[in-house]
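I opened this notebook to record what I looked up on aromatic rings, charges over rings, ligand contacts and a few single residues. The entries follow in that order.

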Amino acid sequence: MLGDKITARAHTNIALVKYWGKENEELIIPANSSLSLTLDEFYTDTSVQFDETLQSDEVTLNDKTVEDIKITNFMNIIREKANIPYFARIESTNHVPTSAGLASSASAYAALSAAGSKAAGLNLSEKELSRLARRGSGSATRSIFGGFAAWNKGDDDETSYGYSIEDPVKMDINMIAIILDNQPKKISSRKGMKISIETSPYYNSWIEQTKADFRTISDAIKNNDFTTLGKTAELNAMRMHSLTLSSDPSYLYINSDSIEVINMVKELRENGIECYYTMDAGPNVKIICRNNNINAITKKLSSRFDENQIKVSGPGEGIKYL
Ligand code: 2P0
């Protein structure tokens with residue numbers, strides 16, 4: 001009922017086939033379809049309560065008051081859909097280092113979509129929720145779903161949505177995140193991807209390549225083929241980062257610590273520990289591995305990094321109400 005406080009939890013996701021560019025900035029229609037794994041260790045809890053006495057939306061993030069026009073604009077979409085004029089009290093707790101390339105906006109907007117729409121009296125399907133989440137942040141489209149999920153590119157609001165590929169996940173797969181910097185990034189992904197789509201001469205090849213990578217990883221999931229999935233995800237990540245280097249002006253999320261981790265992964269592989277790396281819009285590296293190699297990998301990382309910089313995650317679940 002309108003006026004009830006509704007709380008939802010959404011987990012973050014790490015793309016195996018990355019999204020890096022928009023065809024439509026207002027509706028957040030991406031230039032390519034993407035595919036991800038939702039993680040169990042990183043999530044956002046958000047509660048929303050509409051209140052007719054409020055003069056504006058009141059937002060707290062990790063107990064601190066924030067003013068963010070993106071959130072107000074997003075709430076306006078919900079108000080318009082539900083046809084209500086009221087503002088809301090929004091409380092969000094992020095169990096993800098904010099803006100550290102661990103896609104906090106993915107879990108944040110997925111949780112806000114679920115809690116906000118329900119608090120407004122809407123009863124949206126998962127597909128409709130994913131389309132709503134997309135309007136907040138592209139990667140949030142996939143965080144409505146657990147396990148392996150995808151975001152169908154589409155051409156408009158109706159056809160650009162998320163869907164589940166496999167949940168629960170059958171593959172033995174984990175991600176080890178190495179937190180190298182939890183400060184907000186200097187170039188937001190929104191700005192970075194805009195520079196890339198407008199100026200990288202390799203952008204069209206990237207789009208063609210993502211179509212192939214999407215097919216390869218989808219088949220690898222079906223065939224429970226960890227090796228092909230890992231190899232392709234690693235290549236896809238580096239192809240995305242080569243767009244940052246080939247942009248004008250060029251920019252870079254990879255730092256010297258990231259390179260050190262990448263070299264550690266290569267060394268582990270040479271020693272028979274099968275693992276792969278991926279990176280997003282920040283210096284943190286995520287290592288894709290099977291259960292039986294977690295100890296060997298974390299041991300190697302601990303020789304150089306602090307224990308609290310290393311977080312092991314398995315596949316996580318989709319959106320849920322608390
Ligand atoms: C992804 N990233 O597919 C890619 C890979 C980062 C690297 O989606 O502008 O916060 O809000 O749609 O979703 C991060 O960008 O960008 C992202 P907006 P978003 O996960």
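**Entry 1. Aromatic pairs.** I counted six aromatic pairs, taking rings of Phe, Tyr and Trp (its six-membered ring) as paired if their centres lie within 6.5 Å, with planes under 30 degrees apart as stacked, over 60 as edge-to-face and the rest as tilted. I looked up Y19 and W151: their planes stand at 70° with the ring centres 4.7 Å apart, so this pair is edge-to-face. The two partners come from distant parts of the chain, 132 residues apart. Y19 sits in the loop between β1 (6-17) and β2 (22-24), and W151 belongs to strand β8 (residues 148-152). Strands (E, at least two residues) and helices (H or I, at least four) are DSSP runs, numbered from the N terminus.

I noted that this is a predicted model, in which local features need pLDDT of at least 70 and side-chain atom pairs count only at pLDDT 80 or more, whereas totals for chains, interfaces and linings use all residues. Residues are numbered from 1 along each chain as its sequence is written, and side-chain values use heavy atoms, with hydrogens and water left out.

Entry 2. Are Y19 and W151 buried or exposed? Y19 is buried at 9% relative accessibility, and W151 is buried at 0%. I used under 20% relative accessible area for buried, over 50% for exposed and partly exposed in between (1.4 Å probe, protein chains only).

I then turned to Y251 and Y253, an edge-to-face pair with 5.7 Å from centre to centre and 80° between the planes. Y251 is buried at 5% relative accessible area, and Y253 is buried as well, at 7%. Together with W20, Y251 and Y253 make up one aromatic cluster.

**Entry 3. Charges over rings.** Which lysine has its charged end over the ring of Y321? I found K118 there, 4.3 Å from the ring centre. K127 lies over the face of Y161, with 4.3 Å to the ring centre. The rule requires NZ of Lys or CZ of Arg within 6 Å of the ring centre and within 35 degrees of the ring normal.

**Entry 4. The ligand.** I found 17 residues around the ligand, the closest being Y19, K22, S137, G138 and S139; a residue is included if one of its heavy atoms lies within 4 Å. By class, the shell holds seven nonpolar, five polar and five charged residues. Here Ala, Val, Leu, Ile, Met, Phe, Trp, Tyr, Cys and Pro count as nonpolar, Asp, Glu, Lys and Arg as charged, and the others, Gly among them, as polar. Helix α4 (residues 189-199) contributes the most to this shell, with three residues.

The side chain of K22 places an N or O atom 2.7 Å from a ligand oxygen. G138 uses a backbone N or O atom, at 2.7 Å from a ligand oxygen. R142 has a polar side-chain atom 2.8 Å from an oxygen of the ligand. Of the 470 Å² of accessible area that the ligand has on its own, the protein covers 95%, by the Shrake-Rupley method with a 1.4 Å probe; for residues, only the protein chains shown count as cover.

**Entry 5. Single residues.** S258 lies in helix α7 (residues 256-270) and is buried at 0%. Its side chain reaches the backbone nitrogen of N255 at 3.0 Å. I77, in helix α1 (residues 69-82), is buried at 16%.

Note on methods. A polar contact is a pair of N or O atoms within 3.5 Å; within protein, one must be able to donate a hydrogen and the other to accept it, and residues adjacent in sequence count only if both atoms are side-chain atoms.
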